[in-house]
Structures are given as structure tokens and as C-alpha cells.
Amino acid sequence: MRLMSPTRLASLAVAATLCGLAFWHLRAGPESTPGALREAIRALFGYDIEVSARLIIAAEFGGAAAVLLVGNGFLSMAASVAGMFVALACLSRALSVGGMKEP
């Protein structure tokens, strides 16, 4: 029996995380998707909140499929960096609209 390479294991972990987020967003509704991304899509393309949320969920599933199919370290790293960027954008938005208090 041959073990998987660490790069392949990392790709599987990133793909599973993206799929888990997409399923959670599907169950929780459009408001659960990142607000900063919804607002950016709305500003760029003029879509309403439901369409913006569907586009975000589709991007999560597409990213998971790409990472899983390609399975290289670069794509996993790019998906992780994109996730961190979205998290920072959401944190910045929450701080600016009063959703979180500054320390």
C-alpha cells in the first residue's frame, strides 16, 4: 500500500474545506456568505444578494474541484491565500460597520 504525498493530502484538505464551506453557505442562506464579496459582486455587476451568494457558492465548489483535480501545491496555496484574503476583507468590513469592537 502506497501512502499519499503531503502535497496531495494538503490538496484534499483544502478541497474538503471549500466543499464544507459551500455546503454550509447553502444551508444557512445568502446572508452567511462573505458580505465583502457580496458587496463587491453587487458593485461590479449589479446583481442582487441571492445571485451574488450563488456566485460565491459556485466559486467555492469550482475552487474545490480545481484543487482536487489538479492536486498540486501551488493551487492549494493559492486557494488558501484567497481564503485568508476573504477573511481579512470580512473582518475589515465588520470593524468598519460596527459589527465588531476594536481591542
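Pro 34 lies in the loop between α1 and α2 (35-45), where helices (H or I, at least four residues) and strands (E, at least two) are DSSP runs numbered from the N terminus. The model is a predicted one, in which local features need pLDDT of at least 70 and side-chain atom pairs count only at pLDDT 80 or more, whereas totals for chains, interfaces and linings use all residues. Residues are numbered from 1 along each chain as its sequence is written, and side-chain values use heavy atoms, with hydrogens and water left out.

Although Pro 34 is placed in a loop, it is buried, with a relative accessible area of 13%; here buried means under 20% relative accessible area, exposed over 50%, and partly exposed in between (1.4 Å probe, protein chains only). Leaving aside its neighbours within four places in sequence, Pro 34 is in contact (heavy atoms within 4.5 Å) with His 25, Ile 56, Val 86 and Cys 90. The C-alpha atoms of Pro 34 and Ala 89 are separated by 8.7 Å, although the two residues are 55 residues apart along the chain.

One of these partners, His 25, is found in helix α1, and at 5% relative accessibility it counts as buried. A polar atom of the His 25 side chain lies 3.3 Å from the backbone oxygen of Ser 32. Beyond its neighbours within four places in sequence, His 25 is in contact with Ser 32, Thr 33, Pro 34, Ile 57 and Glu 60.

Helix α1 also holds Ser 11, which is buried with a relative accessible area of 0%. Not counting residues up to four places away in sequence, Ser 11 touches Val 67, Gly 71, Asn 72 and Ser 76. Ala 87, by contrast, lies in helix α4 (residues 73-97) and counts as partly exposed at 46% relative accessibility. Between Ala 87 and Ser 11 the distance is 20 Å, C-alpha to C-alpha, with 76 residues separating them in sequence.

Val 67, a contact of Ser 11, also belongs to the largest nonpolar core, which is made up of six residues in all: Val 14, Ala 15, Leu 18, Ala 64, Val 67 and Ala 79. The elements that give two or more residues to this core are α1 (6-28) and α3 (49-70), and the largest share, three residues, comes from α1. A nonpolar core is here a set of buried Ala, Val, Leu, Ile, Met, Phe, Trp, Tyr and Cys residues joined through side-chain atoms within 4.5 Å. In soluble globular proteins, nonpolar side chains tend to be buried together.

Turning to the whole chain, the secondary structure comes to four helices and zero strands, so that, with elements defined as DSSP runs, the order from the N terminus on is α-α-α-α. Along its principal axes the C-alpha trace spans about 55 × 35 × 25 Å, and buried residues make up 23% of the 103 residues. Among contacts between residues at least 6 apart in sequence, 58% join residues at least 24 apart. The protein exposes about 7100 Å², of which carbon and sulfur atoms supply 69%, with areas taken from the Shrake-Rupley method with a 1.4 Å probe and, for residues, only the protein chains shown counting as cover.

Key:
A polar contact is a pair of N or O atoms within 3.5 Å; within protein, one must be able to donate a hydrogen and the other to accept it, and residues adjacent in sequence count only if both atoms are side-chain atoms.
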